[in-house]
Amino acid sequence: MAISRLVLGPFSPLLRFSLTPTKLTPQLHSRRYRFFSIRAAMASSPARKVLVPVANGTEPLEAVITIDVLRRAGADVTVASVENHLRVDAAHQIKIVADSLISDCEDTVFDLVALPGGMPGATNFRDCAVLENIVKKQAADGRLYAAICASPAVVLGSWGLLKGLKATCYPSFMEQLGTTATAVESRVQIDGQVVTSRGPGTTLEFAVALVEQLYGKEKAEEVSAPLLLRSNHGHEYTIAEYNQEKWTFGDGPRILVPIANGTEEMEAVMIIDILRRAKGKVVVASVEDKLEILASRKVKLEADLLLDEAAEQSYDLIVLPGGLGGAEAFAKSEKLINLLKNQRESNKPYGAICASPALVLEPHGLLKDKKATAFPALCDKLSDKSEIENRVVVDGNLITSRGPGTTMEFSLAIVEKLFCRDIAVRLGKTMVFISE
């Protein structure tokens, strides 16, 4: 039986099963038997080893969300570069520092290998012989493997690892996928030991589905609850807006996104990625004494500049990602707080998500007379709690939001305020966050 699951739920991965008879070849039957035997063995073992490769041109949002969510579940995730060096230049000029080189992973047995997408990241995966050997052995041993965006078609399909299986991918690669698999349009597709998904806007659903495959439904629900996932995947986003103002900018917009040790990497990367897709001139600035920071789930990101250098410029917008440690570092940075205060006094836009509205903006008077929201556990620190249940709140030149699962909406809302709703919605559709 071919098992098709579509992740639907709001705060837990509610799974709809569609069972359709499939004629299994002896090879596929043997592979699935090994897969379910391994699943049974995994139930008694807490250790889950996961490989997430990265390459030049990898879609950073897909890579970082997958790593972040799996580490929240307790998985031992190795981020491995298929390049000749640890630092990769991912798409949208985002720099990720891997834990190891892919050649160091050849002899390791993984419970899951998960491939992010992005171009030319997917072609770099396809052309990496070491990665091909690892994933083909993963399939032959009946262990989990997964891919998202371009990678199901460009990588798994090219390697012959989707034969006889249902799979999905980024819309523009569906025709190519159809030559190597049964192509379906599910946001997340599970068939035996293979999990596939469509693109940046489905990555949270994809990652939670991987947690369920590794650990079971109870763990997936435990992990997904604080992520604040949407209940209406594919629908347009909404904004609660007060004291409406037009956000204006000159040649730009120029946007500052600070990062620090302990920053929530999912939030930072989504904000940077989406605003750069919208042609924002985003400067990523480290508030630490070096460019490389270690984010909250141990993803290593490299900033463009140190904050001291970035502070010499002016910005049309300053946006703070969350993460408890990162927010605390922001709150202690006199230079950053002064930039934010100058932004407010100049009536220029500024924003924050997750822990940062409560731990950075509120104590420094940057929410005075403003409606805002924040991560649920920290909303008691806000002086005005009237709008805390909203996922994105705009009050004049201030925008705030709740957490990882609201970051896509938060970022698209910024695009809307800087440009227009149509541009934001088109971008949401391009990322498969909003359904066509």
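**Strands 22 and 23.** I started with strand 22 (residues 392–395) and strand 23 (residues 398–401) in this predicted model. They run antiparallel, and I found four bridges joining them. Looking across the pair, I saw Val394 standing opposite Ile399 in strand 23.

Next I traced the open sheet of eight strands, whose order reads 14-22-23-21-20-15-16-19, with mixed pairing. I looked up the edges: strand 14 (240–242) and strand 19 (305–306) each have a single partner strand, so one side of each is left without a neighbour in the sheet. Helix 12 (residues 334–345) packs on the sheet, and I noted that it touches strand 15 (254–259), strand 20 (317–320) and strand 21 (350–353). The direction of helix 12 makes about 130° with that of strand 20.

**Helix 14 and helix 15.** Then I turned to helix 14 (residues 407–418) and helix 15 (residues 421–430), whose axes come within 7 Å and cross at roughly 145°. I logged the crossing as right-handed. Helix 14 brings Leu412, Val415 and Glu416 to the contact, while helix 15 brings Arg421, Ile423, Ala424, Leu427 and Gly428. Sorted by class, I have five nonpolar, one polar and two charged residues there.

**A check on helix 14.**

**Buried or exposed?** I finished with the cover on helix 14: twelve of its twelve residues are buried. My list of buried residues includes the charged Glu409, Glu416 and Lys417, and also Phe410 and Leu412.

Methods. Residues are numbered from 1 along each chain as its sequence is written. This is a predicted model: local features need pLDDT of at least 70, side-chain atom pairs count only at pLDDT 80 or more; totals for chains, interfaces and linings use all residues. Side-chain values use heavy atoms; hydrogens and water are left out. Two strands pair if DSSP finds at least two bridges between them. Helices (H or I, at least four residues) and strands (E, at least two) are DSSP runs, numbered from the N terminus. Contact means heavy atoms within 4.5 Å. Axes are lines fitted to C-alpha atoms, for helices over the stretch in contact, and angles run from 0 to 180 degrees between N-to-C directions. A crossing is left-handed if the near helix is turned anticlockwise from the far one by less than a right angle, and right-handed if clockwise. Buried means under 20% relative accessible area, exposed over 50%, partly exposed in between (1.4 Å probe, protein chains only).
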